[in-house]
Amino acid sequence: MRGDRESVRFLLAILATLGMQLMSGDRVRALQDESLHDQQTNQDGHGVEQQSSFSDQQIEFFESGIRPILVKHCYDCHSQHASHAEGGLYLDSREGFLQGGDSGPAINLQDHTKSIFLNAINYGDLFEMPPSSKLPANEIELLTRWLEMGAPWPSEDTSNRIISTKFDVERLKQEHWCWQSPTSTDVPIVSDPDWNRSLIDQYIHQEHLLRQVQPNPVASRQTLIRRVYFDLIGLPPTPQQVEAFVNDVADDAWEKVVNQLLDSDHFGERWARHWMDLVRYAETHGHEFDFPIQYAHEYRDYLIRAFNEDVPYDQLIIEHLAGDLLEHPRVNKAEGYNESVLGTGFWFLGEAVHAPVDVRADQAGRIDNQIDVFTKTFLGLTVACARCHDHKFDAISIEDYYSLVGFLQSSRRQEILLDPHRKIEEATETIKRMVLDSDQQATAFLARFRQLGPDTLRRPILAVLEATQATSRNLSKQEIQSIASN
């Protein structure tokens, strides 16, 4: 009997090899809606899948040829035993294949060539699975044959299996703390006058009491001035500055030092560095050739000026996202050019290759980086997870991700002229006036020319022709008169 089973398995493997049809690679774009209805008709309502139509040979083919492949390559990430099912997809039951995960049903029983699973194992245009390396050709052939047979699977009790749930944005908003609206609380009443200097101090002191924690002793004036210098401008105070603060007995000595540092140009240099880290600022593109990013320093200087001028946060966001579209942009105070448009430069500070082999994949990678940086910086969220599936914890769907992709894909990088002190604008206006004057002079000349009679025009032409008669060939007087007449 065992020998017969081995013969059947060997024969089926040969048939799978002979009968396999290669995928064309230019299909499989919107597969969920095409197959979901048909998949649901293959299950009953009691957790036991209906596979009575599968023959013993088909079940044997699955057990000997297919299940070992799934166990080896898929179950670590897509089974009940995985710590977390990637993409909400379970591949340890036929029900899991039919229901699929965040991207829809994994297999299409009506047309197996439209199955997401088949696209993934062939490293198609949707997914590449397993992500570590492509399956051997013979295993892809076996899986393809299995789908052609209708994905045979032995009858199993699936009542205790985890079932993927539909993406529910409202539920996620209610479950995760970060989506909850802030609530007002009563300011704690603190008896110690040393902890009544600010509302923050009162909250801190309340927690000290609740947790029975003793605060550190009051810092010395030498320590305070070093702290505030490093905090606000990133540089230490000079010995003279320390001595001046220590000896200043005025009630506003501390406020004077703080205001002095806030007015320093070093303040913008210090704090712009933190923002530059968020937007992955660099002056070269990295990768193999590490070629420079043109004008990256303009964005850096823009940030420093914005911090030093105390630009409101909402204005800073607007300039980063749409600084090139503002009807009334912010103007550089010293040189009079458009400041707002410089904020959009952060979109193009990412890594880039010199000559990508696959330009579409390179574009998708760059856009993914832009979305990742944009959402982490302005939303504090890792929205890039939704490139392949609905977000697991945050209320971000795959539709949200590709809405942002559409916005970025329809935009382009463009260089502009800053025009310090409006020199370019003034030169352009000067040229326009010169052109207008020239047009007016030419119009007046042509008008006077048209007023002259034929004989008046013919006399200077005859004189010129007679004077240049010998330069090319000898012309007769009759030929000269004929040219003048024409």
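Colleague: Does H287 count as buried, partly exposed or exposed, and at what relative accessibility?
Modeller: In this predicted model, H287 sits in the loop between helix 12 and helix 13, and its phi is positive, about 60°, although H287 is not a glycine. Since buried means under 20% relative accessible area and exposed means over 50%, the value for H287 falls in between, so the residue counts as partly exposed, at 41% relative accessibility.

Colleague: D419 also has a positive phi although it is not a glycine; is D419 buried or exposed, and what is its relative accessible area?
Modeller: The place of D419 is in the loop between helix 16 and helix 17 (423-451), and its phi is about 60°. Most residues other than glycine have a negative phi. With the limit for buried set at under 20%, D419 is buried, because its relative accessible area is 12%.

Colleague: Which two residues are joined by a cis peptide bond, and what is omega there?
Modeller: Most peptide bonds are trans. The cis bond joins M129 and P130, with omega at about -5°.

Colleague: Why can the buried residues of helix 14 be said to line one face of the helix?
Modeller: Helix 14 covers residues 313-322, and its buried residues are L316, E319 and H320. Seen down the axis of helix 14, these buried residues line one face, because they fall within an arc of 100°.

Colleague: Which helices do the buried residues of helix 14 pack against?
Modeller: The residues concerned are L316, E319 and H320. Their packing partners are helix 12 (265-278), helix 13 (296-308) and helix 15 (359-378).

Colleague: Within what arc do the buried residues of helix 11 fall, and what covers them?
Modeller: In helix 11, residues 253-262, the buried positions are A253, V257, V258 and L261. Viewed down the helix axis, they fall within an arc of 135°, so they line one face of helix 11. What covers these buried residues includes helix 9, helix 10 (239-247) and helix 12.

Colleague: What separates the C-alpha atoms of T223 and V242?
Modeller: T223 is found in helix 9, residues 221-232, and it counts as partly exposed because its relative accessibility is 31%. T223 and V242 are 19 residues apart along the chain, and the separation of their C-alpha atoms is 9.3 Å.

Colleague: Which helix gives the most to the lining of the second largest pocket, and with how many residues?
Modeller: The second largest pocket holds about 1300 Å³ of space, and 41 residues line it, of which T344, F348, R412, R413 and Q414 lie nearest its centre. Helix 13, helix 14, helix 15 and helix 16 (398-409) each supply at least two residues of that lining. The helix that gives the most is helix 15, with five residues.

Colleague: How do the residues of that lining divide into nonpolar, polar and charged?
Modeller: Among the residues nearest the centre of the second largest pocket are F348, R412 and Q414. Over the whole lining, the residues divide into 21 nonpolar, twelve polar and eight charged.

Colleague: What share of the residues in the protein is buried?
Modeller: The secondary structure comes to 19 helices and zero strands, and residues 24 or more positions apart account for 58% of the contacts with a separation of 6 or more. The accessible surface comes to about 31400 Å², of which 54% belongs to carbon and sulfur atoms. Of the 486 residues in the protein, the buried share is 33%.

Key:
Residues numbered from 1 in each chain as written. Predicted model: local features only at pLDDT ≥ 70, side-chain atom pairs only at ≥ 80, totals over all residues. Heavy atoms only, no water. Buried < 20%, exposed > 50% of the residue type's maximum accessible area, 1.4 Å probe, protein only. Helix = DSSP H or I, 4+ residues; strand = E, 2+ residues; numbered from the N terminus. Arc of directions from axis to C-beta. Contact = heavy atoms within 4.5 Å. 1 Å grid on protein atoms, 1.4 Å probe; cavity = no way out; pocket = protein on both sides within 12 Å on 5 of 7 lines; lining within 4 Å. Points joined across faces, edges and corners; volume = space filled by probe spheres on them. Nonpolar A, V, L, I, M, F, W, Y, C, P; charged D, E, K, R; others polar. Areas by Shrake-Rupley, 256 points an atom, 1.4 Å probe, with all protein chains shown as cover.
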